[in-house]
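Hi,

Here is the structure I said I would pass along.

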Amino acid sequence: MAEEILLIAGVAIAVLMIFRIYVRGAQCKSKAKLHGKTVIVTGSNTGIGRATAADLARRGARVILACRNLTRGQTAVAIVQRESGSKNVVFMELDLASLKSVRSFAETFLKTERRLDILINNAGVYMQGTTDDGLGLMFGVNHLGHFLLTNLLLDRLKECVPSRIVTVSSYLHNYGNLDFDTLRTHKEFGVGDSPASVFWIYSNSKLCNVLFTHELAKRLQGTNVTCYSLHPGAINSDLTRNLTKMSRRLLKPIAALFFKDVEAGAQTTLYCAVQEGIESLSGRYFSNCDVQKVKPKAQDDAVAKKLWEVSETLCGLS
């Protein structure tokens, strides 16, 4: 009996280990070095953003941690420097919920940094709220702040070609649907505070990421600046920090067993940032370090163009 129990336990452990290997997903195998290159990673004080920053610093890049909170940002700098063995890591304040802050960040960066080779739009929120500009928080942070940031830094990226723009989206973009009448009325692609409403609004913001990248690639043709959107995987990270305490407790054991850790979650971001030979796939959506097909709504030229034009207006770029 005891032997049977040990056998069953052994099989269970083996299955779990195999499952964990599968859950970790593909790894970025590029050995590319980035000495002399400068990278911005938004939302890099924690989670996959910090793991991404550490890997890029390890490759020799100068890494700008673009974060909202000064204390957390400075703590992240120390961690990334320690993990990467590089001192060429700095903090710059960026609050994507404030278009004024985005403009200030871009102005400071362009005055103090000569290069920008890779821009990683990583930051994201999963909670209802309002930005400083009166917009829905998830639309404002997950899409519009990054839209403005990218546009303000495009000329510098063009000066440093070949360069890349990487935007972290989500598989949940598949559940998104952009209603521009709702955006015009409520300053957000959705209304409501229920868990279901928050889910749909977040999904809509992630669809914005994919459509933004789709349209951006068209506008960058011939510049040698390429762009990619991606699904990092289900990540055991701080994105759920704004869920209720009960929800976090329920999710914790599930996340520990079935979700990727942040290092595994950073792999597709790194792949899009440094992998050689993917330039022809500019504008495409990636998951597990490979290009993926998307639904028609995620590559709708008319919707992508309208989102771009509406975003320009909201940012004061048009």
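**The sheet and what lies on it**

The strands form an open sheet of 8, in the order E3-E2-E1-E4-E5-E6-E7-E8, and the pairing is mixed. Strands here are DSSP runs of E with at least two residues, helices are runs of H or I with at least four, and both are numbered from the N terminus. Two strands count as paired if DSSP finds at least two bridges between them. Strand E3 (89–93) and strand E8 (290–292) are the edges, each pairing on one side only. From one strand to the next, the twist averages 25°.

Before going further: this is a predicted model, so local features need pLDDT of at least 70 and side-chain atom pairs count only at pLDDT 80 or more, while totals for chains, interfaces and linings use all residues. Residues are numbered from 1 along each chain as its sequence is written, and side-chain values use heavy atoms, with hydrogens and water left out.

Back to the sheet. Strand E1 (residues 38–42) pairs with strand E4 (residues 118–121) in the parallel sense, over 3 bridges. In that pairing, Val39 stands opposite Ile118 in E4.

Two helices are worth a look against the strands. Helix H3 (residues 70–84) lies across strand E2 (62–67) and E3, and runs at about 165° to E3. Helix H7 (residues 195–219) lies across E4, E5, strand E6 (225–231) and strand E7 (285–287), at about 160° to E6. For these angles, axes are lines fitted to C-alpha atoms (for helices, over the stretch in contact), and the values run from 0 to 180 degrees between N-to-C directions.

**The chain as a whole**

In total the chain has 11 helices and 8 strands. Of its 318 residues, 51% are buried; buried means under 20% relative accessible area, exposed means over 50%, and partly exposed is in between (1.4 Å probe, protein chains only). Among contacts with a separation of 6 or more, 78% are between residues 24 or more positions apart, where contact means heavy atoms within 4.5 Å. The accessible surface comes to about 15200 Å², and carbon and sulfur atoms account for 55% of that. Those areas come from the Shrake-Rupley method with a 1.4 Å probe, and for residues only the protein chains shown count as cover.

**Residues to click on**

- Thr52 is in helix H2 (residues 47–58) and counts as buried, at 1% relative accessibility. Leaving aside neighbours within four places in sequence, Thr52 is in contact with Ile120, Ala266, Thr269 and Leu270.
- Tyr171, Tyr175 and Trp200 make a nonpolar surface patch of about 340 Å². Tyr175 sits in the loop between strand E5 (163–168) and helix H6 (180–186), and is partly exposed at 39% relative accessible area. Patch residues have over 30% relative accessible area and no salt bridge; like charges are joined within 9 Å and nonpolar side chains (Val, Leu, Ile, Met, Phe, Trp, Tyr) within 5 Å. A salt bridge is a side-chain nitrogen of Lys or Arg within 4 Å of a carboxyl oxygen of Asp or Glu.
- The peptide bond from Val161 to Pro162 is cis, with omega near 0°. Pro162 is in the loop between helix H5 (137–159) and E5.
- Lys187, in the loop between H6 and H7, has a positive phi of about 60° although it is not a glycine.
- Asn288, in the loop between E7 and E8, is another non-glycine with a positive phi, about 55°.

Cheers
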